[in-house]
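Colleague: I would like to learn how to read aromatic contacts in a model. Please take me through them.

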Amino acid sequence: MLPAVLVIAVLVSTGIARPSMNYLENTFTIQDESEEVRSEALKRLLEVFGMEDPPHLRGLQKQPPQYMLDLYNTVADADGVTKDPDLLEGNTVRSFFDKLHSEQIQFIFNLSNVAKTEKVLTAELHLFKLRPLGSLTFNRHHFCQVSVYQLLESSKGNTSQGRKLLSSRLLPVHSSGWEVFSITQAVRSWMADEGSNLGLLVTVKTLGGSQMDSKLVRFASGRHHHQSKQPMLVLFTDDGRRAASLENTLKDLSDAPAPLSLPLAQKPVAAGHRSERSLDYEEDDQMPCQRLPLYVDFEEIGWSGWIVSPRGYNAYHCKGSCPFPLGQNMRPTNHATVQSIINALRLTKGIETPCCVPDKLFSINLLYFDDDENVVLKQYDDMVAGSCGCH
C-alpha cells in the first residue's frame with residue numbers, strides 16, 4: 001500500500017497528475033482561435049470565388065451535361081488554368097434543365113440564381129433531335145421548319161396566349177443529334193422582369209406550313225429520355241468581375257488597397273530560440289527570387305462535393321531575395337532597379353530591397369454545381385502566379 005501512496009504523492013507534487021486550469025484554458029483558447037481562423041479564411045476564399053456561402057447539395061446524384069464538360073476541357077487545361085482568355089465569351093456559363101417536363105414541346109427554365117447585375121451576352125436552347133420512329137422512316141418529307149417562340153401574357157380581351165418568334169430554321173427530318181437555337185432576346189426580357197418568364201414553345205411544321213407528325217420529328221424530353229439528352233438552356237454572361245491584366249494595372253504601392261489580413265493565434269517563442277518565420281527570412285536571403293509550388297486542394301478545404309473540376313490547382317507563390325545588382329533573370333522593373341541601387345548605396349534611410357512578387361498572373365476555371373443543381377463554368381482572373389520578379 002505504501003509504494004502506491006508514494007507514487008500518487010510524487011505525481012501530485014510534480015504537477016502531472018492533473019492539468020492545471022491555466023493549461024486547459026490556453027488549450028481551448030488556441031483551439032477556438034484555430035477554428036476562428038479557419039472559418040474566416042474559408043469565408044475570404046469564398047469571396048474570391050464570388051460566393052457568400054458554398055452551395056448546399058444533399059445527396060447529389062446528377063452528372064454534369066456533356067456540353068459543359070466539353071466546354072470546360074476546351075477552355076481549361078488539366079489544372080483548370082485558362083488556355084486562351086479569348087475562347088470564352090464573358091466569364092460565366094450556366095446550364096439549366098427544363099422544369100416543366102411537358103408532353104408538348106414546351107419548356108420553362110428557372111433563372112433565379114442569375115444575379116440581375118450580370119450582363120447577358122448569349123442564350124441558347126439546346127434540344128436533342130431523335131430519329132423518326134421505325135415505321136415512319138420512309139416519308140415524303142425531307143425537311144421541316146422548326147421554330148422557337150417566347151410565350152407572352154395574354155392581352156386583355158384576348159384569351160389566347162401570345163408568342164414571339166425567337167429563332168427558326170430548316171432541319172433534315174431524318175437527322176439526329178443536338179440542335180441549338182438562339183433565345184437571347186427572351187432571356188434578357190426575363191432578367192428585366194422575372195414574372196414575364198412563361199417559358200418557350202417549339203413548333204415543327206412542313207415546308208407547306210402544316211403541322212408535322214409528332215412521331216416523325218421528335219425531340220428528347222426530360223420526362224421520357226435519359227438525362228444526357230434533356231432539353232437545356234445555356235447562358236453566357238459576364239458578372240463584371242473580370243480584371244485587367246497585371247501589367248496594365250500596376251500602380252504605385254501607396255494607391256493600392258491594404259491586403260486582407262486574418263487573425264492569427266500568437267505562439268510564445270522561448271528565449272534563445274528563433275521562430276520559424278525568422279528562419280524563413282534567412283532562407284529567403286540566401287535564395288534568389290523564384291516561383292515555387294502552392295497547391296490548393298479543394299477536397300482538403302471541404303469543397304469537393306460541389307466542384308466538378310478541377311479537384312485542385314497549383315496557384316504557385318513567389319519567394320526569395322532581390323539582392324543588388326538585379327539581373328535580368330529576376331525580371332526587375334525600372335523602379336525596382338532604382339530602389340535596389342538606392343538601398344545598396346544607403347542614400348536614404350528606410351529603403352528596403354525590392355520584393356519578390358508575381359509579375360504575371362493567369363486565370364483559372366471552375367466547373368461546379370450551384371444551389372439549384374445547375375452546372376456553372378466560371379472563370380476567375382489573377383489566380384495563378386505565372387512568373388515571379390523583383391518589384
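Colleague: Is Trp 303 buried or exposed?

Modeller: Buried means under 20% relative accessible area, exposed over 50%, partly exposed in between (1.4 Å probe, protein chains only). Trp 303 has 4% relative accessibility, so the residue counts as buried. Phe 49 is buried too, with a relative accessible area of 1%. This is a predicted model, in which local features need pLDDT of at least 70 and side-chain atom pairs count only at pLDDT 80 or more, while totals for chains, interfaces and linings use all residues. Residues are numbered from 1 along each chain as its sequence is written, and side-chain values use heavy atoms, with hydrogens and water left out.

Colleague: How many aromatic pairs does the structure hold?

Modeller: Rings of Phe, Tyr and Trp (its six-membered ring) pair if their centres lie within 6.5 Å; planes under 30 degrees apart are stacked, over 60 edge-to-face, the rest tilted. The structure holds nine such pairs. In one of them, Phe 49 and Trp 303 have ring centres 5.8 Å apart and planes at 80°, so the pair is edge-to-face.

Colleague: Where is the pair of Trp 306 and Tyr 368?

Modeller: Helices (H or I, at least four residues) and strands (E, at least two) are DSSP runs, numbered from the N terminus. Trp 306 is in the loop between α7 and β12, and Tyr 368 is in strand β15 (residues 356-369), 62 residues apart. Their pair is edge-to-face, at 5.6 Å centre to centre and 90° between the planes. Trp 306 is buried at 5% relative accessibility, as is Tyr 368 at 7%.
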